[in-house]
Protein chains: 2
Amino acid sequence: MSRVTIKKLLQEKPVGSEQTVSAWIRSIRNSKNFSFMVLNDGSCQGTLQVVFDLDMPGYEEVSKLLIGSCVTAHGKIVESQGQGQSVEMQASKIEILGKTTEDYPLQKKATSLEFLREQAHLRPRTNLFGAIFRIRHHMAMATHKFFGDRGFYYLNSPILTAVDAEGAGEMFNVTTMDLGNIIKTKSGEVDFSNDYFGKQASLCVTGQLEAECFAMGMGAVYTFGPTFRAENSNTPRHLSEFWMIEPEVAFMDLEGNAELAADYTKYLISYVFEHASEELETLSGYHKFQAKQNKEQFEDHVAILEKVKDSKFERITYTDAIDILSKSGQKFEFKPDWGVELQTEHERFLSEEHFNGPVIVTDYPKDCKAFYMKLNQDGKTVRAMDVLVPGVGEIIGGSQREENYDKLIQRIDEMGMEKDPLWWYLELRKFGTAPHSGFGLGFERAIRYVTGMKNIRDVIPFARTPKNCDF
Amino acid sequence: MSRVTIKKLLQEKPVGSEQTVSAWIRSIRNSKNFSFMVLNDGSCQGTLQVVFDLDMPGYEEVSKLLIGSCVTAHGKIVESQGQGQSVEMQASKIEILGKTTEDYPLQKKATSLEFLREQAHLRPRTNLFGAIFRIRHHMAMATHKFFGDRGFYYLNSPILTAVDAEGAGEMFNVTTMDLGNIIKTKSGEVDFSNDYFGKQASLCVTGQLEAECFAMGMGAVYTFGPTFRAENSNTPRHLSEFWMIEPEVAFMDLEGNAELAADYTKYLISYVFEHASEELETLSGYHKFQAKQNKEQFEDHVAILEKVKDSKFERITYTDAIDILSKSGQKFEFKPDWGVELQTEHERFLSEEHFNGPVIVTDYPKDCKAFYMKLNQDGKTVRAMDVLVPGVGEIIGGSQREENYDKLIQRIDEMGMEKDPLWWYLELRKFGTAPHSGFGLGFERAIRYVTGMKNIRDVIPFARTPKNCDF
């Protein structure tokens with residue numbers, strides 16, 4: 001008999017039929033004449049209770065199985081007597097696929113998130129991480145559906161690059177040279193001519209510049225791929241390797257960009273509500289329990305999401321934002337100061353206190369932002385935007401790009417950047433240039449927001465951070 | 001008036017209405033009293049013909065625009081008089097967004113694929129590459145839909161890794177050490193303790209091992225991400241950076257794996273037929289033209305695809321395949337020899353000559369394959385499978401994994417591999433092990449197959465190969 005997933009069983013509730021389920025034991029307990037086991041096979045958040053009694057062949061061995069063991073259970077589906085379960089299985093036969101041992105790390109007693117990070121190969125078997133990674137899945141599906149339905153083409157921008165696109169310099173070197181025996185030129189420099197690519201190569205920090213090339217031919221594109229930062233930041237907000245979504249659209253100005261960003265944010269949240277409500281419930285329960293344990297106030301992040309998904313996204317300029325912050329009477333660690341990038345405390349004040357909802361801040365001082373952003377008429381600000389949401393602050397950053405060749409050259413010169421590696425990027429402005437815009441969403445930051453998890457390492461399958469590249 | 005995409009115009013044919021289109025000029029020609037331009041905005045394969053006459057304001061300047069210039073055209077949609085076009089625009093106004101110059105590389109005269117590789121930032125503006133990259137998009141969408149609809153969860157396996165998962169050693173080093181000043185230990189070894197991750201790190205060659213961790217908790221997962229090979233292969237089949245799709249499923253044996261691989265292959269092809277028929281037509285026309293130019297026989301790759309998408313995938317063992325090849329009377333460069341991996345010429349003979357359709361070869365000698373494949377009862381072969389299709393040979397490789405702890409340890413020892421870095425992988429067999437299987441599809445090889453392009457560098461946005469990391 002072929003196996004059915006627990007997801008399908010719980011959806012279809014085929015009461016009276018014989019079924020076969022393969023899954024891992026989440027819990028097991030023995031009564032006098034029969035036993036229960038609770039099974040999960042990863043297909044959904046839900047579990048199936050399996051009842052088996054003394055008469056079952058092999059009862060002795062099966063009833064002694066430990067949590068985490070893997071079994072195939074055959075039996076009849078019946079309506080459940082217990083609370084919260086619609087159907088259960090009365091097993092006629094249970095085969096043992098894989099036992100486990102007393103030292104299995106995921107025991108019933110509560111385990112800390114820190115400990116589970118060291119067990120990243122096993123944590124998808126837990127209730128909490130099952131919920132997180134299913135939500136991650138749905139947010140990825142939502143992304144492809146949102147952009148695909150709107151006629152965007154998916155672009156795999158390159159990971160290996162010879163360009164420092166953000167000019168920030170925090171890049172990983174990639175080489176096939178023998179690190180123990182680096183060959184140098186006569187003048188004592190590293191001789192990259194013998195390296196794999198014949199020049200210095202790094203891991204990308206963004207796919208934007210290449211997305212611009214494609215937008216200027218295919219109209220509307222988006223990337224969804226890994227990006228890398230070699231910065232030495234050991235915080236709950238930073239990963240060395242993370243996934244980014246970067247749409248880029250020809251003939252779109254900052255207005256259109258802001259609208260697209262708001263629609264995408266709302267779509268992501270709505271999609272999770274629609275496709276992963278049980279997972280959201282699991283997370284909500286987890287956070288409530290944690291708050292109680294730690295005697296902290298419970299902030300219902302699902303209620304915040306619910307509100308954001310139906311919100312109008314307010315719009316203000318950076319200059320107005322500084323004005324609001326200065327006049328707020330609020331005590332900030334960093335005093336709001338025109339010309340300086342907004343801090344998270346400022347962003348959260350704006351969206352949580354002042355607007356009590358999402359807000360898009362535009363037209364930042366040019367010195368806060370990257371070289372490729374379009375200069376405004378005032379000569380001081382650029383057509384940048386940041387989307388701020390209650391709960392975290394900035395979730396999306398974007399801009400209209402400078403499409404004027406001369407102005408772009410001037411900006412690159414002002415910033416002392418090298419033009420040569422960007423010859424192809426500059427040519428986009430030389431041959432049939434057009435207004436265009438785009439933005440970037442850090443996927444893990446968005447998942448952290450939607451799941452309410454505090455540490456970004458808990459929303460990516462295998463986190464890479466300083467001194468940590470395990471698994 | 002807001003802009004409409006050419007895709008929408010050609011679909012809806014709003015004859016009589018006023019519309020605005022922004023696009024690049026593919027061709028332009030002037031008659032006595034009026035001019036034509038053919039526009040493409042990347043939204044689809046199709047183009048829009050725009051007619052404008054002497055009376056139009058700015059006629060002089062617009063009529064002198066060069067190919068590749070970018071414009072916004074306003075005007076009335078009318079039924080087309082010309083052949084092959086359903087509607088065209090009678091422009092009342094044409095704004096110039098971006099001119100181009102005489103040295104614009106994409107002129108009307110035929111340009112070689114080699115030359116276009118050096119213009120990778122501009123080639124998405126061509127008819128041919130528009131078709132290729134739209135097909136690439138649809139194959140990505142098909143992948144997410146195929147696995148998503150079947151209850152698989154999308155997994156972002158890590159790119160940075162400290163494990164050589166295939167044991168092949170052809171990996172890129174990733175470091176933040178100053179390459180000009182590598183610090184060594186007292187014994188003269190590279191001192192990785194000071195490197196970013198505190199140990200030697202590389203770019204992944206596969207996401208399989210991590211996918212196995214997730215399959216053993218979430219049931220069915222698939223990766224779709226970049227992978228890397230630092231081999232020095234300058235061929236039309238090799239890329240240093242390429243995308244892979246790797247499904248991994250708990251409780252699935254090799255039978256199920258073969259069925260899944262056949263279904264996925266057919267789905268990919270069917271999806272392209274359904275969503276990108278014009279693009280396939282463009283490619284077919286291109287290949288026909290090339291064959292004629294080069295006085296070669298035209299092989300209609302679309303006809304091959306059409307056949308494969310409705311085929312039963314035959315099944316034979318490797319041992320039978322060697323037998324068929326040995327008795328075929330065919331002259332091969334490499335003599336078929338039990339114990340040695342099949343060559344492309346063998347694979348193509350099997351699928352093109354012998355079976356005249358796709359075939360899945362299973363149960364290869366263990367020494368041809370990786371350490372993680374499940375050993376058969378015979379002790380000589382493993383539960384591996386390769387999917388061979390007419391036109392290219394192998395397109396998918398996969399296996400049932402060795403789920404038995406002791407057998408896996410034995411195999412790792414036999415192959416002289418290090419066990420320590422794989423502690424977490426081994427633990428999957430210690431805690432609740434289960435039969436499981438999966439496979440890998442090289443995305444670019446699949447696109448090369450579906451587009452009929454000969455060089456794999458022409459189906460990825462920006463190719464990375466030895467000595468080539470431009471853009």
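How much area do chain A and chain B bury between them, and what percentage of it lies on carbon and sulfur atoms? In this predicted model, the two chains bury about 8800 Å² between them, with 65% of that area on carbon and sulfur atoms.

**View 1. The interface of chain A and chain B, with the residues that supply much of its area.** The size of an interface is often given as the accessible area lost when the parts come together. Here chain A and chain B bury about 8800 Å², and Tyr196(A), Phe251(A) and Phe431(A) supply 9% of the area that chain A buries against chain B, which is more than any other three residues. In terms of contacts, 111 residues of chain A meet 111 residues of chain B.

View 2. Between chain A and chain B, 43 residue pairs are in polar contact, counting pairs in which both residues have pLDDT 80 or more. On the side of chain A that touches chain B, helix α4 (residues 127-149) of chain A provides the largest share, eight residues, and the residues of that side divide into 58 nonpolar, 33 polar and 20 charged. Four salt bridges are found across the interface of chain A and chain B; Lys430(B) forms a salt bridge with Asp103(A), in which the closest N and O atoms are 3.8 Å apart.

**View 3. Strand pairing between β8 of chain A and β8 of chain B.** Strand β8 (residues 173-175) of chain A pairs with strand β8 (residues 173-175) of chain B in the antiparallel sense, over three bridges. Within this pairing, Asn173(A) stands opposite Thr175(B) in β8(B).

View 4. Arg401(A) lies in the loop between β15 (393-400) and α11 (405-414) of chain A, and it counts as buried because its relative accessibility is 2%, under the 20% limit. Its side chain makes a polar contact with the side chain of Ser399(A) at 2.7 Å, and the side chain of Arg401(A) also reaches the backbone oxygen of Gly438(A) at 3.3 Å. Leaving aside neighbours within four places in sequence, the residues in contact with Arg401(A) include Gln208(A), Glu212(A), Glu248(A), Tyr372(A), Arg429(A) and His436(A).

**View 5. The exposed loop residue Gln377(A).** Gln377(A) is found in the loop between β13 (359-365) and β14 (381-389) of chain A, and it counts as exposed because its relative accessibility is 83%, over the 50% limit. The C-alpha atoms of Gln377(A) and Val78(A), which are 299 residues apart along the chain, are separated by 72 Å.

How values were computed:
Residues numbered from 1 in each chain as written. Chains lettered and ligands numbered in written order. Predicted model: local features only at pLDDT ≥ 70, side-chain atom pairs only at ≥ 80, totals over all residues. Heavy atoms only, no water. Helix = DSSP H or I, 4+ residues; strand = E, 2+ residues; numbered from the N terminus. Buried < 20%, exposed > 50% of the residue type's maximum accessible area, 1.4 Å probe, protein only. Contact = heavy atoms within 4.5 Å. Buried area = accessible area lost by both parts, 1.4 Å probe. Salt bridge = Lys/Arg side-chain N within 4 Å of Asp/Glu carboxyl O. Polar contact = N/O pair within 3.5 Å; in protein donor to acceptor, adjacent residues only side chain to side chain. Nonpolar A, V, L, I, M, F, W, Y, C, P; charged D, E, K, R; others polar. Pairing = 2+ DSSP bridges.
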